[in-house]
Every structure is written in C-alpha cells, then in structure tokens.
Amino acid sequence: MAAVRYACRDGWRLIVRHWGMSLLTIFTAMSVFFIIGASTLFVLNVRNIVSSLENQMTIQAYLKPKADVKAAEKAIKALPYVKETKLITKDMALERLRSRIGEQAKAVMLLGENPLPESIEIKVRKASDVAETARLLVAVPEIEDIVYAGRVAEKLTKVSGFVEKFSIVMLLVAIAASGVVLFNTIRISVYSREEEIGVMMMVGATSTYVTLPFVIQGFILGLTGAFFASLLLGGTYYAAVTRLKDMLPFIPFIESTKLTGKLAFMLICCGATVSLISSLMAVEKFIRKASKPL
Amino acid sequence: MEIKFSGVTKIFQPDIIALEDIYMQVEKGEFVYLVGETGSGKTTLMRCITREVIPTRGQISVGGNLLRKINRFDLALFRRDIGVVFQSFLLLPNLTAFENVAFVLEIMGLTPREITERASEVLKLVGIWRRRNLYPPQLSGGEQQRLAIARAIVNSPSLLIADEPTGNLDTHTADEIMQLILGINAAGTTVMMATHNQYLVDTYRHRVIEIHRGRIVRDEEQGRYEHHGSC
C-alpha cells in the first residue's frame, strides 16, 4: 500500500518537476487524439451520408390487378436483404403523381376510375442488395413489374465499398501515426531520466517500484491530453456542422450528442491506455538495460 | 557481510583485461582499503561486488549470495543491504537532498515517520541538514559527497562500498568523513574503500589491498599506502 502511495506521489512529482516535458507530452497527446477524433468523425459522416443515400434506394414492385396484397407483402418480407416494405394503394399512387405533375394528374381520371396499379415500395439494407432482391422479386407470382434504379444502385455499391475500405485505412493510418508520435514523446520524456532509473535500481529499487511512477505519469498526461482533445473536438465539430448545414442543407451530418459523447469517452480511454502502455514499454527498456550487468 | 572472489577475471570487449585471476576474501566487519593507480581495476572490482559488472570467469559470493545466479528481484533485495558511495555520486537530480536519502528508506517499506526520523538523523550526522531542501545540483561538490555518504549509510547496510569517498573534500572534511565511515565500521558494517588518499590510509591503518593492472599485488594487514614498484 505504501509503495502505491509513493508511486502516486512520485508520478505526480515527475509531472510537476518536469513541467516543460509534461506540457509537451500533453500537447502532443492532445494533437494526436484530436487528429484521431477528427478522422473518426469524418469517416462516420461519410458513412452516414452513403448510408442515407442507400436508404433512399427503393424497388417499386407493381402488383397484378386483383392480386392478393397481403400474400405479396408476406412473400416480399420473407426475402433476404429486405429491410422495409410499404404498400402504395391506388389512391396514394395518384396522390404522388399529383404532387409530381400537378393538376395534369386529373387526366388519368378521365378514364372513369384510377388506372394506377397498386405497388409495394421495398427498401433493402444496402445498395448492393438491390439487384439481387429485384431478381428474387421476379419469382413472386403477385408481382407484375419491377422498377428500380439499377445503375445508381451499382454506383452506390461501389462508392459504399470504397468508403468502407478508405475509412478503415484512414483510421488505421491515423491511429498508427498517432501511436508512434505519442510513444516517442513519452519515450523521450523517460529517456531523459535513464540515469535516474539506473541509480534507483542500484540502491535496491525493484523494477515495479521504478516503473509505477512513470506509468502513472504517462497515464495522467495521456488522459489529460485526450480530455482536452475531446473538448476541442466537440467545440470545433459543432461549430463546423452549424456552418456546413447552412451551406449544404441537403447533407445529413451527424449531430447526435450521444455519439460524440461516446467518441469523447473512447478517445479519453484510448489516451490513458496508449500512454500507459507507451510508458511501460519505454521504462521496461531502460530497466532491462540498467539491470543487465556489463 | 563477507566477500569472496574465486579466480575472478573480467575482460571487457574486445580484449581489455580489467581484472585477472583475483582471489580475495573479506570477512564480516572488516575494513579494507583498495589502492592502486587510476585504471588499475579498483572500480571494476567494486562494481563486481554490486553486480554492475559480471566476471568473464570465476565466482563472486557476497553475504552467501552467488552473484552470477541471482535474479532481478533478489538482486534488488541484495542491494538494499549494501551502501554504495559512487565515484561520481550518482544522486537523483530531481529529488531534494532529503528526498534522496528518504528514497532508500521508502523502497525498504518504512513508515513515513520512521523515514523522516532516520533521514533527518543521517543528514545531521553528515552535516548537511541545513541544506536538506536543496537539489543535488545546488550543492557544492563536498556537500554532494556527504549526501552520497548519507544515502549509502541511511539503511544501516551490512556492507559499505565507497569509491573515492573523500575525493572532492579538503583534508579537514575528509577526516570528518573518514571518522564517520570508521564509526559505521565499528558498528559491524564491512567497509571496502577505494582511495588515493595516502594520508588517510597511513593515519587510519587497516588492511590494504593493492591492485596493479587488474591483479592483486599486495594484501597487507595494517598496511600503508604505497604504490606498486615504489621504494
């Protein structure tokens, strides 16, 4: 217990007495986690935009006259990839036509009754599922015709695949680069105390006793850096989204505070963990060196 | 704490023979001067005792511990029972004089009260109590030397290894430090002290081991400081 108390005190002492190095580490951690957070938000927004476009992709299945609507809906819902179905009655179809072409829609009523067929609007999970679902719909006996934007679906599928791969690569690169920068900063901070580590070992300190204050120091610095990065990220992100929404109102930006809160929590946890591991690795290296006899 | 060297040879790469075929036995409570010219191997011999250096050949046993086989944890425990005054002091620059001394007691798990009492007592003993809140770089060479001695004796070690402990001190202060070390020895601590100070060796007569080019060339009870080959 006393050892933990001393370790906490020494960890804090390391931060305060090397305040220049501590500030540099906090600033580096803050920059690093700001970049990771910003990359994550960028990736999440791109995915959100692609996903909202995919959500707008629908297949219109026109039913045969006097077809059993319930049976058709049941058969469609049973198909894989189908996320949602909506029955468009004759009246609804007319209403839609009216909203599209205005009073000219009255022309269809000249025939006496509404000639528009009933249809089912189908939403699938991904744009890449559209073609396959359309192929399966052909086999449903109640369906007479199928209409969908084949080329758009195809292109959206490609974009979606690219965004998925790009976002993973981008995040991995950001995390790897940030990890290396933070690790090196902490290593420099520990390196400046290499001789101290050797002296501590010489007067009988165990590896754990020497390691703990450095690990606590790294933990506190990483945590603080990531905390400030989260604050900065939150502030700049919402300010940017407010402006972008004015300029690009048709793009659905992520505005959920719950999601950004989760991201901030993730960044802080990451900051503390990465710094802790970096300190541990850096100190362990010098401890091994100090305990190795000539 | 007794020390035993059996056929110890240390060769630093590529082919620098620092110690050659050393046989030596120091009994518990003994006081031994290590003399010899600079580069003769005194410091290497002492560093072998603290296991900073491991011999190329031969065995070293300190207090019954075979140093070649000791593991990392046991080495830490072993070092807690040894006080070392390094030639270059090796104080912790970011700790005050008081904290430097207290550190040794903290790692031994003493209570804060015991630490304060013991560290204060030792700092008063070596005469730097008033400078306790200063950092090592703020102390003079002599004060750093005293602080290094205070750190080495604060845990009442069974063995005190001192490499030129009076090297930076004037004759009067060197005498005071010597009295301090003799007092520690009188309390039962084995002392091995490397020195170039002829006055001290000739005044406070004890066993003298002279090393020349890595070999023991003289081992005398109640010896004098004499260079190998002189007279």
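This is a predicted model: local features need pLDDT of at least 70, side-chain atom pairs count only at pLDDT 80 or more; totals for chains, interfaces and linings use all residues.

Turning to polar contacts, the count between chain A and chain B is five residue pairs, both residues being at pLDDT 80 or more.

Which parts of chain A supply its side of this interface? At least two residues each are supplied by α1 (2-17), α7 (194-202), α8 (207-247) and α9 (257-291) of chain A. Sorted by class, the side of chain A that touches chain B has nine charged, five polar and eleven nonpolar residues.

Chain A brings 25 residues to the contact, and chain B brings 31 residues. About 2,500 Å² is buried between chain A and chain B, and carbon and sulfur atoms give 59% of that area. Within chain A, the residues that lose the most area to chain B are Met202(A), Val203(A) and Leu294(A), which together make up 28% of what that side buries.

I turn next to chain A by itself. Chain A is divided into two parts: domain 1, made of 2-53 + 156-291, and domain 2, covering 58-148. Taken over C-alpha atoms, the centres of domain 1 of chain A and domain 2 of chain A are separated by 51 Å.

One helix of chain A deserves a remark. Helix α4 of chain A, residues 90-101, contains twelve residues. From its first C-alpha to its last, α4 of chain A reaches 16 Å, close to the 16 Å expected at 1.5 Å a residue. Just after α4(A) comes Gly102(A), with a positive phi of about 75°.

Finally, I would draw your attention to the backbone of chain B. Where does Pro14(B) lie? Its place is in the loop between β1 (3-12) and β2 (16-26) of chain B. The peptide bond from Gln13(B) to Pro14(B) is cis, and its omega is near 0°. Arg51(B), a residue other than glycine, has a positive phi, near 65°. Arg51(B) is placed in the loop between α1 (42-49) and β4 (57-62) of chain B.

Thank you for your attention.

Note on methods:
Residues are numbered from 1 along each chain as its sequence is written. Chains are lettered from A and ligands numbered from 1 in the order in which they are written. Side-chain values use heavy atoms; hydrogens and water are left out. Helices (H or I, at least four residues) and strands (E, at least two) are DSSP runs, numbered from the N terminus. The expected span of a helix is 1.5 Å times one less than its number of residues. Contact means heavy atoms within 4.5 Å. Buried area is the accessible area (1.4 Å probe) that two parts lose on being put together, summed over both. A polar contact is a pair of N or O atoms within 3.5 Å; within protein, one must be able to donate a hydrogen and the other to accept it, and residues adjacent in sequence count only if both atoms are side-chain atoms. Ala, Val, Leu, Ile, Met, Phe, Trp, Tyr, Cys and Pro count as nonpolar, Asp, Glu, Lys and Arg as charged, and the others, Gly among them, as polar. Domain bounds come from an automatic or database domain assignment.
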